[in-house]
Amino acid sequence: MSTKFMYERLLKCQEEQKLVAIYTVREADYFEAGYIEALTASDVMFRARRSDGYEEGFVVLPLEMVYRIEIDTAFLKIAELLAKQLGQPRSPAFFDKAPNKKHSLFEIAVDHVYQNEEIAGIEILGDEAQVAGIIAENDYEGLEISLVTDEGRSDGACWIKKEDIVAVRFGGSVEQDMMRKLRKQTG
């Protein structure tokens, strides 16, 4: 499947700094909203924005999963208005310089989370629940994750093949809250 069409539209949204609704699940009328942070030939990174106006960290998705995008809808306009009323400006850019189109945003995000020992939410192909934890090992073909519960407790480990990962989330309130609780438990 060609990703050129969506790549070009998302690039335009990034240039115009538009809040974008990104659809990836065809079976549900579900989307995520965000500002495009970076775009490559294979994936997209955006700063997620919740419907209540708050930012919710970064999300990296394979570009081939994006089948529909929307801009300037009533829903998105309300989220932007709420963000202004709450004094929720966009967070600083993740990249000082835009990555090359041939780079992998997924690998950049995984490396960032791994190096900074942050909690990430990882969505796996065909699995409704996401895996949350700290990346203990970043191998060429897969990841070892030290699992963390919502309550901030260590909960074993798991291994995931990179080819089965469909999204990586980090830096959001959920991940930060889990990290605070984990530090409290271990500190």
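**Basis.** I worked from a predicted model, in which local features need pLDDT of at least 70, side-chain atom pairs count only at pLDDT 80 or more, and totals for chains, interfaces and linings use all residues. Residues are numbered from 1 along each chain as its sequence is written, and side-chain values use heavy atoms, with hydrogens and water left out.

**Helix H1.** I took helices (H or I, at least four residues) and strands (E, at least two) as DSSP runs numbered from the N terminus. I then looked up its buried residues (under 20% relative accessible area; exposed is over 50%, partly exposed in between; 1.4 Å probe, protein chains only), and found Met6, Tyr7, Leu10 and Cys13. They cover an arc of only 125° around the axis, and so lie on the same side of H1; the arc is that of the directions from the helix axis to the C-beta atoms. The face turned away from this buried side carries the exposed Lys4 and Glu15. The buried residues pack against strands S1 (19-25), S2, S3 (43-49) and S5 (68-71), where contact means heavy atoms within 4.5 Å. Just after H1, I noted that Gln17 takes a positive phi of about 55°.

**Ala38.** I placed this residue in strand S2 (residues 30-39), and Ala38 counts as buried because its relative accessibility is 3%. Leaving out residues up to four places away in sequence, Ala38 touches Gln14, Asp43, Val44, Met45, Phe95, Pro99 and Leu105.
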